[in-house]
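Reader: I am new to this structure and would like to know what the terms used for it rest on. Please show it and go through them one by one.

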Amino acid sequence: MTDLMFPLGLASGVTCLALLVFLNTRAREWIRDYPNARSLHASPVPRIGGAAIWLGVAAGWYVVREDAFMRLFLALAPVLAISLLDDFKSISPMWRLLVQAGVAVLVLGVMTSGPWSWIGYAGAVLLLIWSANLYNFMDGIDGLAGGMALFGFSGYAIAAGLAGNVGLMVLCGTVSAAAAAFLLLNFHPAKVFMGDVGSVPLGLLAGLVGILGVREAIWPVWFPFTIFSVFFVDATVTLLKRAWCGEALWRAHRDHYYQRLARMGWGHRNTALVCYAAMLISILAALLARTATDVVQQFIVIGISVCYAAGLIYVDRRWHAFNSEARHD
């Protein structure tokens, strides 16, 4: 299967890019992302990139002709469908969560083997739902979610390859290839967004691959959180802060740390590049520590956590100063 890495990556990337070009010229009016209270863009942008990403992934998986991959794609189909429908016409959060929960239960049954405790299974389902939604929350500036997919699934693929799990390496490699093609038109200034049909299933798949790797002893439990730490840290801390302040968690907002950086003058490009750097450092540290002693792993996790805490404190202080200056002007 390793001999197929290049052709399947090419199939995923070329299919995604060709569909992006087609949709961006022939169907750009179908779904447009109009600026709202959460947005950081000023004019409507086509929100069709996620469909191209997933069709690119499907093309790569078809080249492999691996039954497990196609079963996974079919299991993801309901969340792909309702997310695409939500891009066309807003769907109630309750219905979206119900479909996400059903798909989470399904994909865990389809892709995992061995016994589960009911507490472990319920926890895994909740983790997949949170992963799907936090990815959607973090899709707010040009190039961010696409870059995270490129780097995050590449990190998964490298770790799986080092562990000798060729199937998981190939699965993640196709996603990385499609994300790289998407990023060509999504990096600032973005010509296309991925929409919910891109971000929600990508987040769910990121969580699922993380769980698969833990259960198959490819990586320790902290590894997936570190690989996607930029998203997990920002989304989780922001949610907890909003809950502490009594704010409606479902309401659109622009209080994520990456959004604050962009609003303070860093812009889309610089904010995305800083997030890329943080993710690449986290991925490199995670790959180096994956098979290290427990003491080294603990040291790496604590070190990364301290760095993120320092970064969050820095942004909070700069944000307070920024708002103070704005009130005095």
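Author: Buried means under 20% relative accessible area, exposed over 50%, and partly exposed in between, with a 1.4 Å probe and protein chains only. The model is predicted, so local features need pLDDT of at least 70 and side-chain atom pairs pLDDT 80 or more, while totals for chains, interfaces and linings use all residues. Residues are numbered from 1 along each chain as its sequence is written, and side-chain values use heavy atoms, leaving out hydrogens and water.

Reader: Why is T112 called buried?

Author: T112 has a relative accessible area of 14%. The limit for buried is under 20%, so T112 is buried.

Reader: What makes the link between the side chains of T112 and W116 a polar contact?

Author: A polar contact is a pair of N or O atoms within 3.5 Å; within protein, one must be able to donate a hydrogen and the other to accept it, and residues adjacent in sequence count only if both atoms are side-chain atoms. The side chains of T112 and W116 are joined at 3.2 Å, so the distance meets the limit. A polar atom of the T112 side chain also lies 2.2 Å from the backbone oxygen of L108.

Reader: Where does T112 lie, and which residues does T112 touch beyond four places away in sequence?

Author: T112 is in the loop between α4 (93-111) and α5 (118-137). Helices are DSSP runs of H or I with at least four residues, numbered from the N terminus. Contact means heavy atoms within 4.5 Å, and T112 touches V107, L212 and R215.

Reader: How do you know that the reach of α10 is close to the expected one?

Author: The expected span is 1.5 Å times one less than the number of residues. Helix α10 (residues 229-244) has 16 residues, and its first and last C-alpha are 22 Å apart, close to the 22 Å expected. After α10 comes G246, with a positive phi near 75 degrees.

Reader: What makes a space a cavity rather than a pocket?

Author: On a 1 Å grid over the protein atoms alone, a cavity is a set of points where a 1.4 Å probe fits but cannot get out, whereas a pocket is an open set with protein on both sides within 12 Å along at least five of seven lines; lining residues have an atom within 4 Å of a point. The structure holds one cavity of 30 Å³ or more. S131, L134, Y135, A206, F228, F231 and F232 line the largest cavity.

Methods: Helix = DSSP H or I, 4+ residues; strand = E, 2+ residues; numbered from the N terminus. Points joined across faces, edges and corners; volume = space filled by probe spheres on them.
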